[in-house]
Amino acid sequence: WAESLGAKNAHIADALTGKPLEVLKQCVAINVTGDSQLLGTHDVRGLTDWLHSMHAARLDGKGLGEIAAALLTAPPAAGKTTLISQAVVLALERAELVPIVIRVQLLLTRLRGAQHDEFTSTWNWVDAYLKLVHAQQPVLYRMLRQAMMARRALLLIDGLDEGGVNRTEIERHIVEVLTQQGHIVLCTSRPAGVDAVRFSGFRRLQLAPLSDDQQREALTQRLGSAGVEALMPFVQRMLLDVETGERVTANPLVLSMVASVFEIRKGVDMPNTIAKLYESASEAMLARGGVLSTNMRTLLEAALFEAHAAQARVITEEQLYRAALAVFASSGTIAWLDQQYRADAERLPALERAVKQLTSEEREAVAAVRERVAEDKLPLLSLLQIEPLQMQSSHLSFQEYFAARAICSGKYRFHEGSRPPWQWPAFWSNAVKLGAEMGDAFGNGLIKTAGLGEVLNLSKGKLGGDRATSIAAVAQLMRGLKSLDLSENKLNANEVKELAGAIIANASLTSVNLLGNHFDTKDASMLLKVKEEKPMLRTLCGL
Ligand SMILES: Nc1ncnc2c1ncn2[C@@H]1O[C@H](COP(=O)(O)OP(=O)(O)OP(=O)(O)O)[C@@H](O)[C@H]1O
Ligand SMILES: [Mg+2]
């Protein structure tokens, strides 16, 4: 088992080329920063040492009352999943603790699946999950269970942000059950939506952005020194991230995408925004798998949109069918089927029957996507399981990029009962960020996708969800609205500033109401100035 786990984690596939990179040698060791109590922890080795030292102390009967858990946060594609693989390889080398990797997106599918009863009847969810996943290998399951019973397991829980609608429940289980039972736990998450109070007992760590030297090192591993010399002038001209102030190539995925796009384009006409970089990169990835029909492309975009709208990462058979019906069948088909067949067991066959009624070309597109994924010839999607089908975008950020593009097209609709953009959770934050780079098309498309008109009334506390995300989404909606009422939403000075920025860049709004929020005279005079610059804007919070 150690062998197969080691083999699984010894390499990561480069997101674009699919080339395997050895996690400990080919990948740069990204700096770990944070909790000062974790002295000596500068990278994955230090972190693994600390986790093992917690176990060693317990063997000596020390630190029993202490929580042996850390939460590592870092932005999208900063290398968290890669670090987990590195930690597995290091732990296997020491052969002291038994590493158990739980990807939250996969835990989620089990938790929401047909056998969710397993989760209520065991001592913890990791056990229930392992039992389901290793149903065919009961001996392996018992070994892992033994390791947990003996508190010799190292639980590596990757991607809390991918917990979707069950995120809170999963986090509470980790904090209130797993760590209390005395397991050694390392969790990772994107920063958006992390509840600091909930994780106050955890050691908190961050992954630092790649320094200039690390960027150079990673590129050298990839392109050789001649390539680096050719690419460096371009890298140095790359945009700065608006939030971090770092160059965007400080993010490892963006850096490796820049390298790939550079190779393909031989350095000319390089993209200047992240969204454009994703466009080039996804084109290159799709081209790698052979010719793609228009229908397949449409279906791919729809499937990624459906998954994102459902706050899921894993695309199931049901989502593939839904995507096909959403783009190929007459409008209202899905809503009608959902009404007729409420039970899960009936709905899937009904969706399948409806797909069978599509034209032969459309059906072929569905079959072709399945086949290509199964043969690993659709590099944007990776296969998780053949029967029943489960696949996912090779990196969540590609799903976010395609969801944003789907929204721009204005062809799709959010399902009835899904949360509106002004109540979006942190799950949407990156898609909104990419969308913002796509221009007015995104705002206008978002209005259509959410089924809105030109007038939007969010007064009296209708803003909700993750505030940073929902405010950013509202700023995007503004691009296509005439009138917006945000009165009495407890907006603070920073939020008012962000919205004022959106108003300045806006050409369509004629009325905005910001009354009844928490801003002072300084903010009010700033708003007055904004209004003076915008003759189109007839009223701004009654000023
Ligand atoms: N240490 C590293 N050295 C070189 N490349 C790396 C490293 N870490 C990550 N990458 C590159 O960045 C990509 C994204 O990394 P990874 O999947 O680990 O990010 P993540 O933080 O888990 O992202 P997410 O928040 O979306 O889950 C990888 O596919 C790889 O190409
Ligand atoms: Mg990850």
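Predicted model: local features only at pLDDT ≥ 70, side-chain atom pairs only at ≥ 80, totals over all residues.
**Entry 1: helix 1**

I started with helix 1, which spans residues 2–10. Which of its residues are buried? I found Leu5, Gly6 and Asn9 buried. They cover an arc of only 100 degrees around the axis, so they sit on the same side of helix 1. I then checked the other side of helix 1, where Glu3, Ala7 and Lys8 are exposed. Next I asked what covers the buried residues of helix 1. The cover includes strand 1 (11–13), helix 3 (80–94) and strand 5 (98–103).

**Entry 2: Thr73**

I moved on to Thr73, which I placed in strand 4, residues 69–73. Is Thr73 buried or exposed? Its relative accessibility is 5%, and the cut-off for buried is under 20%, so Thr73 counts as buried. I listed its contacts, leaving aside neighbours within four places in sequence.

**Entry 3: the cavity**

I searched the whole structure for cavities of 30 Å³ or more and got one. The volume of the largest cavity is about 70 Å³. Which residues line the largest cavity? I noted Ile102, Leu107, Trp125, Val126, Ile157, Ile170, His173, Ile174 and Leu178. Helix 6 (125–133) and helix 8 (167–178) are the elements that each give two or more residues to this lining. Helix 8 has the largest share, with four residues. I sorted the lining by class: eight residues are nonpolar, one is polar and none is charged.

Definitions and conventions. Residues numbered from 1 in each chain as written. Chains lettered and ligands numbered in written order. Heavy atoms only, no water. Buried < 20%, exposed > 50% of the residue type's maximum accessible area, 1.4 Å probe, protein only. Contact = heavy atoms within 4.5 Å. 1 Å grid on protein atoms, 1.4 Å probe; cavity = no way out; pocket = protein on both sides within 12 Å on 5 of 7 lines; lining within 4 Å. Points joined across faces, edges and corners; volume = space filled by probe spheres on them. Nonpolar A, V, L, I, M, F, W, Y, C, P; charged D, E, K, R; others polar. Arc of directions from axis to C-beta.
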